[in-house]
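Please consult the sequence and the structure shown here alongside the text.

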Amino acid sequence: MFVFENLPAYIISNEHQRWATQAVPNVKSVLTVAGSGDQALFYKLSGAKIVDTFDITCNARVIQDIKYAAIKNLNLEEYRDMLIKLHHVKGDIMSLPEMQFLGQFLPSETLRIIENNKSLMFGYGLDASFYPENIPSEPEYAKLRDALDKPFNFIWADLGSLSTAITGKYDLINISNIFDYVHSGAKQIIILIKLSKYLNKNGHIVCLPQVPRYKYDKVKLSHLAYERTEYDEKHAKVIVFQRTK
């Protein structure tokens, strides 16, 4: 489908998801990059009822589905240990005892991706022990176990073609830090315009730049405008755009 369809996924987010997913409060429907699956989980914890995801690599779907199955069937310590093992495994992830158990709970399409991919599926970034802030607490883990009723919907698309694959509207679209690495400033504007059509009234698009190449405080489009930038205590930031019409 894409040149990068089998890129390794992150085993855990390197963004502060508990904070970032609350930068725009009270959203009920979200479309977010899948990434490590943590984005969807923390949006669910923040109160979103509908959480759909997208990513350029199908491995993001796999780790997201694994986390869903693990939360429903493993305790928190087992969940955390499994993530560390998954990041470091060199061969078939299904060789892990935890995955042999969880395989029965994974969608058939996810199992097919694993079968065709075999190794280095989650090699990006660091293992889960380096980002404890993105591991749910015991109360959050229990809340997720009750709240999750099916795997998150996944759209296999890169950001440039995402708008052609969306069928609904959302209160918020999270594009993470993708703008740091791809697309010229002009192309970014086109993407923002196209995505804004899939926002509910007063809806938001957020990005989380880590290596920003452009400033966005002057962006004012026909249906979308820069609203604000939020900073956490470590100076990470969330840039917020809002649909204006």
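The model is predicted: local features need pLDDT of at least 70, side-chain atom pairs count only at pLDDT 80 or more, and totals for chains, interfaces and linings use all residues. Residues are numbered from 1 along each chain as its sequence is written, and side-chain values use heavy atoms, with hydrogens and water left out.

**Pockets**

- The largest pocket has a volume of about 730 Å³; on a 1 Å grid over the protein atoms alone, a pocket is an open set of points with protein on both sides within 12 Å along at least five of seven lines, and lining residues have an atom within 4 Å of a point.
- A volume is the space filled by probe spheres set on the grid points, which are joined across faces, edges and corners.
- Lining this largest pocket are 29 residues, and Tyr10, Asp55, Ile56, Asn177 and Ile178 lie nearest its centre.
- By class, that lining comprises 17 nonpolar, nine polar and three charged residues (Ala, Val, Leu, Ile, Met, Phe, Trp, Tyr, Cys and Pro count as nonpolar, Asp, Glu, Lys and Arg as charged, and the others, Gly among them, as polar).
- The second largest pocket has a volume of about 210 Å³.
- This second largest pocket is lined by 13 residues, of which Asn14, Glu15, His16, Asp232 and Ala236 are the closest to its centre.
- Five nonpolar, three polar and five charged residues form the lining of the second largest pocket.

**Cavity**

- The whole structure holds one cavity of 30 Å³ or more, a cavity being a set of points where a 1.4 Å probe fits but cannot get out.
- The largest cavity contains about 40 Å³ of space.
- Its lining has 10 residues, with Leu86, Val89, Leu120, Met121 and Phe122 nearest the centre.
- Six residues of the cavity lining are nonpolar, four are polar and none is charged.

**Helix H2**

- Helix H2 (residues 38-45) is largely enclosed by the rest of the structure, because eight of its eight residues are buried (under 20% relative accessible area, with a 1.4 Å probe and protein chains only); helices are DSSP runs of H or I with at least four residues, strands runs of E with at least two, numbered from the N terminus.
- The buried residues of H2 include Asp38 and Lys44.

**Valine 182**

- Valine 182 lies in the loop between strand S4 (170-174) and helix H8 (185-196).
- Valine 182 is partly exposed, with a relative accessible area of 34% (partly exposed lies between buried and exposed, the latter being over 50%).
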